[in-house]
Structure formats: C-alpha cells, structure tokens
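Have a look at the picture first, then read on.

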Amino acid sequence: MELAGQTWVGQSVPRVEDAALLTGRGRFIDDLATRPGTLEAAILRSPHGHAEIRAIDVEKARAARGVVAVLTGRDVQALTSSMVVGVKAPLECWPIATDRVRYVGEPVAIVVATNRYLAEDAMDLIEVEYGALPAVIDPLAALEADAPVIHPSLGRNLASDRSFRYGEPEAAFAAAPHRVEIAVRYPRNSCTPIECYGVVAEYDPGEDSYDVLANFQGPFSIHAVISRALKVPGNRLRLRTPPDSGGSFGVKQGVFPYIVLMAVAARVAGAPVKWIEDRLENLAGAVSATNRATRLAAAVERDGRITALDWDQVEDCGAHLRAPEPATLYRMHGNMTGAYAVRNVLIRNRVVLTNKTPTGLNRGFGGPQVYFALERLVQRIALELGLDPLDVIRANLVPTAAFPYKTATGAILDSGDYLGSMEAALLEGGHAELLRRRDAARAEGRLYGIGYTAVVEPSVSNMGYITAVLQPAERKKAGPKNGAQATATVAVDPVGSVTVHVASVPQGQGHRTVLGQVVADVLGLRPSDIRVATDMDTVKDAWSIASGNYASRFAPAVAGAAHLAATRLRDRIARVAAGQLNVRPEDIVFRGGRIGSASNPENAVPFTRVAAATHWAPGTLPEGLEHAIRETVFWTPPELAAPTEADEVNSSLCHGFIFDYCGVEVDRVTGEVRIDRYVTMHDCGRILHPGMVAGQVTGGFAHALGAALYEEYSYGADGSFQSGTFADYLVPTVMEVPEPILLHRETRSPVTPLGAKGVGEGNCMSTPVCIANAVADAMGLADVTLPLVPAVLASHLHPAETAPKGRPAATAPALSGARQLFGEGTAEVAAPAQTVWDMLLDPQTLQTVIPGAHGVEKVSDTHFKADVTLGVGPVKGRYRAEIHLADLVPPRSVTLSGETSGALGFGSGRGFITLTETEGRTILGYRYEAAIGGKVASVGGRLLDGAARFVIGQFFASLARHAGGQAGESRPGVFARVRRLFGGAP
Amino acid sequence: MPRLGADRRHEVRFTLNGRPVEGEAEPRMLLTDFLRHVLGRTGTHVGCEHGVCGACTVQIDGAPARACLTLAVQVEGAEIRTVEGLAPAPDRLSVLQESFRAHHGLQCGFCTPGILMSLDELLSRRPDASEDDIRHQLSGHLCRCTGYAPIMKAALDAARRLRGEGETAADA
C-alpha cells in the first residue's frame, strides 16, 4: 500500500477507533471515573403538556435517605439567567419549568443524592400540584386567534414572521400558463442516538467557575449560551467532552440545557454531580426535529420548467425556542430552489410554539422538511401537466455549465454535474428494468410505484445564516455574523512522532482514522505513525464558535484544516531538512518516513530525526525559522459572507448532489410498504474514505426510512406524549432496512482544501420524499403524509372499520386526547350481598384488597382517599386517588367516580358496580371507563388495557378471597400472561 | 431460594468471562449497573433500560439476555460472558470482531457490544446459520449509525470464516 504516488486518502483503511470499541474498552461518558464524592441526579418531569405549577412540596424528598439537595425552577432561576433566544421577541427560555410546564417531559425538579436509585426514590416523594391548561399541538392551530397562549409574555404563539422576495415572482406567476400548488406536513421525529445524554458538573466557589464534562457535540457557539446562562465569562466554564460518544446525529447539541441544570445542581449540592439521561427521558424531553406545515406553489411553463416558487412555511419549534432555533428553518435558506434553476422566489417563514418537546439539531436539519414539499411538488407538476417526472426534473436542474451557480436566494452551488449524475444513476441503477418490474406488477393488479428525487445536500454551515431571521436593520445593529471557523493542530514531539488535534467531537464517524490518512499523506508517513485526539477541552484546545461536529463539516472543513496545518508544518520541517541535506527547500520531498532530495533519492534522512530537531537543537534552525514544532490552523472560507441587505444568504459552503429513485410495492391487504429497490447516487466531491462514505449513506438511509415509514413523535390533543418507549417510537431494525444501491460521482469542490463535500445528511433529505413519491405513484394518491404506516395507507385501501362489538359507548371523556380504557367483568363472592356491600365501603378491607394500596382513608361516607403503587410495563409509581360514591342503592348498586394523580401521570374514571345475591353468594358485576394521561400513557400505552383489566380483576379476586369465595372470570392463564407484562404489581 | 431484604445489600458471586467475581448489590440493582459500576466492566452498554434496543445484551449461562432486565442478584452462581471476554488476547480480536472491523460494521460502537454477544451465541451454537438466521438474531438490536447493511456483511463474513470457508475480504 506504500507505492509511490499513491495516497492514503481515498482508501478504506481499517479504523483506528475499532479495536477499543469492539473489545469493550470504549470511553463513553458513563464509563469514565468520577471524583470520589460525586453525587447523582434524577430529574422529575412534567406529566402534563400544559399546566400551571400551583405548588411544589419537596420537603419529604429533602429528608429522604441519601438526598443532598433538591432544586426547583426557583432555585435554578436564582443562580442563572434565561438562555438566549435567537429571535427578537419577549420570550424567556429556562432549562427547567418555573411557573408552568409546557411539554410532557419538561424538568420540574432535580434531586441530587448519593446514587441514582436513591435520587429516584426521593423523586417519587415530591408533590406537585398542577392546574391543567388547554394545550396546543398543531402548528396551524397554534396560530389561531383563540389558541391557548403558551408564553404569556409573547401574547401569542407566533415567535417570528418574515417574508422574503427574490427576482420578480409576481410577474412570473402572472405570466406562467400553470400554477401548481400543494400543502404538506412534515412530521416530528428524532434520530435517537443509542447513547443518551450525560453530564458531570462541578463548581469551584473560590474561582466562581464551572468544570463540565458532557457528551456535547457542538456547535461551540452554544458554549457562549451556557456561560451566559450561568452568569460567568467563557473562561470560567471549562467544557470538556469524553473520548467516545455513542452517536448523535445532531441530537447531542441538545444536552446544553442539562449542562446548565447540572452545573447549578453541583453548585447547590457543593459536590460534583453526574446525570445520565435514560431513554424515557430522552424520548419525551431531549430534542426532536421540527415538524412543519408548508404550502408551496410553482409557476410552471408547458414543458414543466418552474419559473417561480412561492413558499409559506410554518415551523413548529415546540415549547421553547432554544438556541440555535429557529435555525432549522433557515439552514436551507440559500437552497430553497433545491437542485433547480429557479430565479423568482417568494418565502414567508413563520415560527410557532406548541406544547411539544423543544426542537434542535437532527440529521438533515431543515432539508427533509424543505425537500418533502419541493419534491412532492415536482411530482405533482408532472401529474398535472401529464409529463414524465424525470422530464420535469431534467427541465429544471441547474445546467452543468452554470457552476459555480448562485441561487436566487443567495447560495453559491460550488460544483457539480447534476444532469450527468442523474443520467448515470438511471443507467447504472437499472432504471429501465425497474420500469419493467413496475409494469409487470401492475399487470398482475399489484400496487407498485416509482418515486424520484433530486436534491442538493448543503454542508459546512455559514454561522451567519441564522441571522436571516432578523430584519436587515436588526442584523446591522447586532453586528455581522458569518464564516465557519474550522480548527486543527498538528505537532511533533521530541522523538519526532506526530500528534493531531481537531475541535470536531465525532460520535462514531471515524474522524481519527481519516485525519491520520490526511496528515500521513502530507508528511510522507503511515497513518499508524499519526496519533489523533478528538476530545475537547475549551480551556486548553484551539477552538472557535463553529467548532463541533454538525452540518456535515468534517470532510470539507475540519479534514481540510488538518491538511493545511500539516502542510504548514511540513514546509517548516522542509526548511530544517534543506539545511541538513544541503539542498533548497523546494527540492525536499517527504516519502516513506524519510525526508530527502527529490533530485537525489540517496540524500535522505528519517522524518523523525529532522522533526525532532527544534526540540533538541533550536540553535541549528535556519535563519528566520522560529520553530517547526506545532501548527494550528483556523480556516474559514471567504465565500461564507454575512447575509446581504437584500437577504441573500450563502447558507452553506459546499453542495453535494443526490439523485434517488426507488420502486415500492404496497400490500393491498395490510397496507405495508415494501421497498423493492432503492438507488441513491451521490456526488459528494472527493471521497476521503469510501468505506466511511458508504457507512454514512447507509446510516442516513436507515434514518430516512424510519422517518418515511415508522417514526413519529405522537401527541394527544391534551399534550400527552404517546411515543415514550422504543416499543412505541418505532426505530427500524435489520428486518425493515433494505440495502440501497450506492452510486458515486466525484466532482471536487473548488472551495474546500481537499475538494471534499459533506455526505452524512443527504439521504435524510432525499429518501423520505422519494419513498413518499413512490407510494403516491403506487396508490394514485394526491396527498401522502409521513410516516406511511400501514394503518394510514390501509384507510385508502379499505372502507372505514366499524367499532368493535361489546364496547360501551363512551360518555364524554374527562380528559380529551388521553388514552381511553373500557372494560367489564364479573366476580363471584361466597357471602351475602349485604356483607359484600359493607366490605366495599370499609377502608380496612379496601386497603387489603386494592392492589398496591398503602393506605385508604374514609373522608366521608361517599368520599375515600387512597394511596396506591401501580406499575405498567417499564414504569412503576405511586398514585393518590380520590374516589366519590354516588347513586348508592344498598346493597344492590353503586357508581364510583374518581381521579388519580402521581409521578406517572393522571387519570380519571367511572365505574358501575352491581351486586346480585343468589343462595347466599353474590355476583359482582362491574363496568368501567377511564382516561389516562401523562407518563404512564406515554410509555405503557399499549399495555394499559391489559394492565387495567389485570388490576381490576385482581381487586375483585382479592375481594372474593377475602370473603372466602372465588372470582368469576379470573382465568389464571390470562392473569399469568398479563402479570408478565405488568412489571410492578406487588 | 434465599430470602432477600429490599433495603439490604447482598453478596453476589458469579463467573464473569471465566473468572470469579463478587460484589454487593441491593436486590433491585440491575445487572447492567452491577457490571458497569460495581465491577467496573463498562463494555456492556445501556441504551434503553426497557429491553428493546439490545445494547446491554450479555450471555447468561450461554444464552443471550438483556442485562438491563436482569437483576444482579438473579445471576448468583451463573456463568456470564460480556464483550470484554470475546477477544482471545488483549492485542488480538476474535474472528467476529475482525469481521466487524473489516466491513465497517460499527460506527459509534455503542450498540456493538450487545450485537457481538448475540452473534457470538448464534455462530457458536449454529455454525451453519443462514442469512435469515443471522437477520433474525440481529432483529433484537437497534443500531442508529450503520443502517445494518455493513453489520450483515460482517456477520456473514464471520460465519464463513468460522466454518473455515476463507479469509476476511479486505474492504477495497
């Protein structure tokens, strides 16, 4: 592999990261040792989507075993200031609820104890009195005049409203023979890395400084947000990252509010505090992508050419506008015409707040939302004009001769051959055969369709694009923001071995391997000679606000910066070598671990010998050369200027091109989507490591497939969160993900040091809409909504289902949008009706027979209070119940109604009990309806019916036993089965 | 069966990767926490703590099991294998681990230990495991980085090599 002229870059060398990761020697945050005395935190979270906090009682929790501190919003507010909000609006953004909760999962209190188990025990003892408020979930409903207002200081739910105009869009619409318009929704989802968040924080009162270890991923512009919230200058917030991080896909940017919380907790507790997020917290409360409602219209010529676009985007950022939001909405601003040459554009961008998880970085970041609208529109244009979708794409793609091409909204598309890549993809991916497969399937009456997408994949974000949310005058006042500082340091030590550091923080992308390749090429060494560190320490390392691993910036920017740093160091070492070898520096070559004369290969010395010279004998350096030890490069491309007065934004530095197509079949009976073939063509510039590029494409494809077919953050109308476990939020497994056909072209970028472009996010942008287009084609649908779950598609295939028999008609549910439960049954008790009746009204008996009851108190003859522990699926918790009796007909019938609340959520219900006596025995008949909300509905939704049946059945069985009889329909087989599902019933 | 007090710590002894280990655990302590924080074997990872993601998979008496759904006190006297026990020597990888490296069957490596423990069990029990068998075994694991295709390639290659049907193909 060390042939002359061959480079390490471009080869799929084995990864240096792998040996440790494959043998259990990774160093993830929860694997690292902490200081003795480090405490652990647990976070109490809101079970409500929207509610006032009327009172919080933490006294019992404070007194609990092992507890060192309990913090509420008030304690956090006392030591911090609101986190910066990215729009000009009267909005605050706290990392913990203060006077009200605005989404399920919002932190309400933090318990710090000697270990996590004890912290969670104490968490159950905190009593919060909530006053439920109406919630708003839908972004368009949030704009209505009568919508519940989530932030009273804002007075409405609209946080930002900007309009943009480029070219002459009105004239283009007036002149065009066709206007084609669509309205689409993009759902809310999250890339859910398998490792959750982790923070270890410490406070030094002597220096008023915080030292934090967190698996944060950048951008390090957030460092300024954190230090400002903690009210310390940046140098008093030392932020470090662990050597390994278990995936991120943007999500680990969102750990920062927890950095603030744990920093304050450590300060209050007077000891280091560690918090490792669990999955239930992660799904409910971490970060999701935005969901978006978009109307998009195109002015179209007869041949399918688009002459103008009119965008109306309503972005749903959830309950708080957390930095860097509303960046998801503006990341694509330069690319609102996609891969197409459209000169006239209107855009209206609105940002709304709803009672959902706050949003943040997520793979694709704005791209999936934009392309879902744009590429659905392109398919619709083809349909309405009776054209082949491929011809509509061809008619609009940016012509190959036009690069670098400045889009109407300001992006500079650096390089590409869009048409050539597309035609190559059709040929190499077997498009003609796919058409034959479709025709054959359709001839058999099967539902088979083909979808296409052409997208531009932006990478290396301009730190200034987000300021497009401000009016030009506001931007001017705030001062210019732009660029994309990438940082790399290359150094030699006293024995001439080479170390590299970058401020990039990978989460599995193999940066250490690729940097070894890049630097080895420059210095004529082997990658194994280079040692690369990618963990970060903001006090000791070179970094800037754009540092971090996001916007697919590694290959184009960070690896490029490392190449530049290595080149500068090489040029210094060459001058030392020139002196030693007595040749001119221009004659020096670095090859095979040696430095020598290009014209006389015999005249060479080992690299290590020359590289070590500055350490050992600085006096021998050539005149004017200070050292040849270390080079740090800060590289930012001049192309990334601030947005102009006319709101033109070069939002990203480089732009890859993707052309995808796929054939899908929809099962006529089940509505299941099967992907027959998926072809994805990428032009991501120069490929540094083919194996890793393939891994980025297949990995992104799997995320996109999940978004297209399975994944959605699902909320009830009351704000309850319904996808709180991996059994409800469906991440694709190996059974669902087919292997796509990967194709590549390489058009190097003229604006990055190595000619590379980003590649990690493209399929998240192209694939969801490609699959949607194929399904629309298969089923002849005008509108498709993601995720394309069988239940939704089946509604297009079958007539509406009738309600199941035997279920009592629901009376007005007490909690709209909560989970509804119904049931009925009978039990037989070997005692007269009057005895059973007395037992039912006796608190002593009830305490014995109610499953999990700790105490039953009789407040009056018709009012009982109970304290019970119940578990459903993975969660278990204590509930307080208030039960009222009505319509008492002793000893024949009674109606019970009640409400419960507890750490796991809340519920209300009604039960009707009849007693029928025959021969000294009593048959108890019961019927109930209940509505359940909060955490238990999120995480145990699918288990609730079974669990409720089990608990109620257990109650009557226990009552029967107590009276010495037998329960009626208590089949043990069913009970045993439910018991297995039912984690915590005592 | 011994009676355990909920608020007491109990001595737990078992064999971990061929060596006897012991430590104290309250009855409610999960095996994942015991392995990671009492014994310091952090190779076994925690991804969901509700038994879906598979990152915590270990082998208990030869069978793959979710360590996050197992209490430490349950494995008293058992033979436990974790990812730390797969390599034949500290500086060498097993055939399965080699194949994962050759085919880029991992990126962040967080789900990998569980996947390796599941596949190791399958391939040692069924050296002739088919592609469908392997897929079925992997269906109990979530990976967010790779898209599974490289994992399937690695597993198929490992199966071939373990049957003595050729070397790991160098990834071009």
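In strand E28 of chain A, Arg745(A) is the bridge partner of Asp683(A). Strand E27 (residues 673-683) of chain A and E28(A) run parallel and are joined by 5 bridges; two strands count as paired if DSSP finds at least two bridges between them. Strands are DSSP runs of E with at least two residues, helices are runs of H or I with at least four, and both are numbered from the N terminus.

This is a predicted model, in which local features need pLDDT of at least 70 and side-chain atom pairs count only at pLDDT 80 or more, while totals for chains, interfaces and linings use all residues. Residues are numbered from 1 along each chain as its sequence is written, chains are lettered from A and ligands numbered from 1 in the order in which they are written, and side-chain values use heavy atoms, leaving out hydrogens and water.

Which order do the strands of the open sheet take? In chain A the 4 strands follow E18-E26-E27-E28, with mixed pairing. Strand E18 (447-461) and strand E28 (741-745) of chain A are the edges, each pairing on one side only.

Now for the cysteines. Over all chains, the search finds 0 disulfides, meaning pairs of cysteine sulfur atoms within 2.5 Å.
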